[in-house]
Amino acid sequence: MPTYELSVILRQMSRPDMVATLKRTATAIFDKGGIIRKLDNLGTKPLPFKTSAHGLVHRTGSYFVFKFDTPPSAIDDLDEEYGRDVDIVRKRIYRADVSQQEEITCTLHEELLPPAYRKDVQKMIATAERNKTKKVFQYNTGLDYYPFQK
């Protein structure tokens, strides 16, 4: 099953109502045979412009991102279902780019070393040493003094 991202903006509401809306959204994914991988709460923010949805004008919203796996045939059904939900101001489903996910390697053994022995710290020290030597301006006038006032 391919991975998708669902970006949702919910209307401003109390916390129990928000939890109920998120459960309803997640249940719709589960009912279509999907698996939720991650849910990110991006916070409640003012919308960039006032938005009208389901006959109401919204100026603030709560931003959420679902990462989930589901069959491609279920995407249209999910989009239609979320479009009818009165608590959802905006929704958009994107197909996640699998090639963009990079492999994360554990570097705990390197992080536990003293700073002087870490490769990234040694690289920063070498860069600082290189930038330490400043070029001195040479006047090239042939005079042994600066003829202008400093």
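From the N terminus on, the elements of the predicted model run β-α-β-β-α-β-α-α, giving four helices and four strands (DSSP runs, H or I of at least four residues for helices and E of at least two for strands, numbered from the N terminus). Residues are numbered from 1 along each chain as its sequence is written. Because the model is predicted, local features need pLDDT of at least 70 and side-chain atom pairs count only at pLDDT 80 or more, whereas totals for chains, interfaces and linings use all residues; side-chain values use heavy atoms, without hydrogens and water.

Of the 150 residues, 27% are buried (under 20% relative accessible area, 1.4 Å probe, protein chains only). Contacts are defined by heavy atoms within 4.5 Å; among those between residues at least 6 apart in sequence, 71% join residues at least 24 apart.

Beyond four places in sequence, Y82 is in contact with L6, T25, A28, I29, I88 and K91.

S62 lies in strand β3 (residues 56-69) and is buried, with a relative accessible area of 2%. Leaving out residues up to four places away in sequence, S62 touches V8, I9, L10, M18, G43 and T44. The S62 side chain makes a polar contact with that of T44 (3.0 Å); a polar contact is a pair of N or O atoms within 3.5 Å, where within protein one must be able to donate a hydrogen and the other to accept it, and residues adjacent in sequence count only if both atoms are side-chain atoms.

Terms used: Buried means under 20% relative accessible area, exposed over 50%, partly exposed in between (1.4 Å probe, protein chains only).
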